Structure formats: C-alpha cells, structure tokens
Amino acid sequence: MLMAHPVVLSKLVEEYEALSVLNAEDGGHEVRIRMEDLAYTLCISTGTRDVDAALIAARYRLPGARPEDDSVLMA
C-alpha cells in the first residue's frame, strides 16, 4: 500500500475537519463534493473504507502520534 506523506495527511485532515466544523455537510453542492473528495482521498491514503477510521489512521501516522492516543487502532 502506498503511504501518503505526513504533510499531505495533515493537510487533508485539517481541511476535512475545518469543513466539518463549519457544518459543511449542509453547505452548497461544491462544498459537499469537496468533503466527499477529501473523505475518499483520506480513505485511499490510509487504506481504510470509512472516513472516521481514515481520520484515526491519519492522525496515528502524523509526527508526534503515540500509540496510546488512538486506542481504537490497538483493538
């Protein structure tokens, strides 16, 4: 599996979370498309099938992550 560079993962996570915080799901068509694109890219970049799992996996791979930060991955 290809692994995305930590900088790329960080930017994807930041943008996805920013749009989520702004409640972008209820936004316009272009915003929803961007969120879908980000979710897909995160899943591909982390080898997951769900955006929530992709976010956890991406954070786990970022510099400074500790195994105990995401106990879901250890299960």
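Reader: How many helices and how many strands are there in the protein?

Author: This is a predicted model. The protein has four helices and zero strands. Read from the N terminus on, its elements run α-α-α-α.

Reader: How much of the protein is buried?

Author: Of the 75 residues in the protein, 27% are buried. As for the surface, the protein exposes about 5200 Å², and carbon and sulfur atoms supply 58% of that area.

Reader: What share of the contacts joins residues 24 or more positions apart?

Author: Take the contacts in the protein with a separation of 6 or more. Residues 24 or more positions apart account for 39% of them.

Reader: What describes two packed helices?

Author: The angle between their axes and the distance between the axes describe them. Start with helix 2, residues 29-46, and helix 3, residues 51-61. They pack at an angle of about 55°, and their axes are 9 Å apart.

Reader: Why are helix 2 and helix 3 called oblique to each other?

Author: Angles under 35 degrees count as roughly parallel, and 65 to 115 as roughly perpendicular. The angle here is about 55°, so helix 2 and helix 3 are oblique to each other. Their crossing is left-handed.

Reader: Which residues of helix 2 and helix 3 meet?

Author: On the side of helix 2 they are Ala39, Leu42, Cys43, Ser45 and Thr46. In helix 3 these meet Val51, Ala54, Leu55, Ala57, Ala58 and Arg61. Sorted by class, this contact of helix 2 with helix 3 has eight nonpolar, two polar and one charged residues.

Reader: Now the pair of helix 1 and helix 2. At what angle do their axes cross?

Author: Helix 1 covers residues 6-21. The axes of helix 1 and helix 2 cross at roughly 145° and come within 10 Å. Helix 1 passes helix 2 in a left-handed crossing. From helix 1, the contact is made by Leu9, Leu12, Val13, Glu15, Tyr16, Leu19 and Ser20. From helix 2 come Val31, Arg34, Met35, Leu38, Ala39, Thr41, Leu42, Ser45 and Thr46. The residues of the contact of helix 1 with helix 2 divide into ten nonpolar, four polar and two charged.

Reader: Thr41 is in that list. Is Thr41 buried, exposed or partly exposed?

Author: Buried means under 20% relative accessible area, exposed means over 50%, and partly exposed is in between. Thr41 lies in helix 2. Its relative accessible area is 31%, so Thr41 is partly exposed. Thr41 and Leu9 are 32 residues apart along the chain, and their C-alpha atoms are separated by 9.4 Å.

Reader: How do helix 1 and helix 3 cross?

Author: Their axes cross at roughly 135° and come within 10 Å. Helix 1 and helix 3 are therefore oblique to each other. Helix 1 passes helix 3 in a left-handed crossing. Pro6, Leu9, Val13, Tyr16 and Glu17 of helix 1 make the contact with Val51, Leu55, Ala58, Arg59 and Arg61 of helix 3. By class, the contact of helix 1 with helix 3 has seven nonpolar, no polar and three charged residues.

Reader: Where is Glu17 placed, and what is its relative accessible area?

Author: Glu17 is in helix 1. With a relative accessible area of 29%, Glu17 counts as partly exposed. Glu17 and Met35 are 18 residues apart in sequence. In space, C-alpha to C-alpha, Glu17 and Met35 are 9.5 Å apart.

Reader: And where is Pro63 found?

Author: Pro63 is in the loop between helix 3 and helix 4, the latter being residues 71-74.

Reader: Why does Pro63 count as exposed?

Author: The cut-off for exposed is over 50% relative accessible area. Pro63 has 71% relative accessibility, so Pro63 counts as exposed. In sequence, Pro63 and Pro6 are 57 residues apart. From C-alpha to C-alpha, Pro63 and Pro6 are 7.2 Å apart in space.

Conventions. Residues are numbered from 1 along each chain as its sequence is written. This is a predicted model: local features need pLDDT of at least 70, side-chain atom pairs count only at pLDDT 80 or more; totals for chains, interfaces and linings use all residues. Side-chain values use heavy atoms; hydrogens and water are left out. Axes are lines fitted to C-alpha atoms, for helices over the stretch in contact, and angles run from 0 to 180 degrees between N-to-C directions. Helices (H or I, at least four residues) and strands (E, at least two) are DSSP runs, numbered from the N terminus. Angles under 35 degrees count as roughly parallel, over 145 as roughly antiparallel, 65 to 115 as roughly perpendicular and the rest as oblique. A crossing is left-handed if the near helix is turned anticlockwise from the far one by less than a right angle, and right-handed if clockwise. Contact means heavy atoms within 4.5 Å. Ala, Val, Leu, Ile, Met, Phe, Trp, Tyr, Cys and Pro count as nonpolar, Asp, Glu, Lys and Arg as charged, and the others, Gly among them, as polar. Buried means under 20% relative accessible area, exposed over 50%, partly exposed in between (1.4 Å probe, protein chains only). Accessible areas come from the Shrake-Rupley method with a 1.4 Å probe; for residues, only the protein chains shown count as cover.
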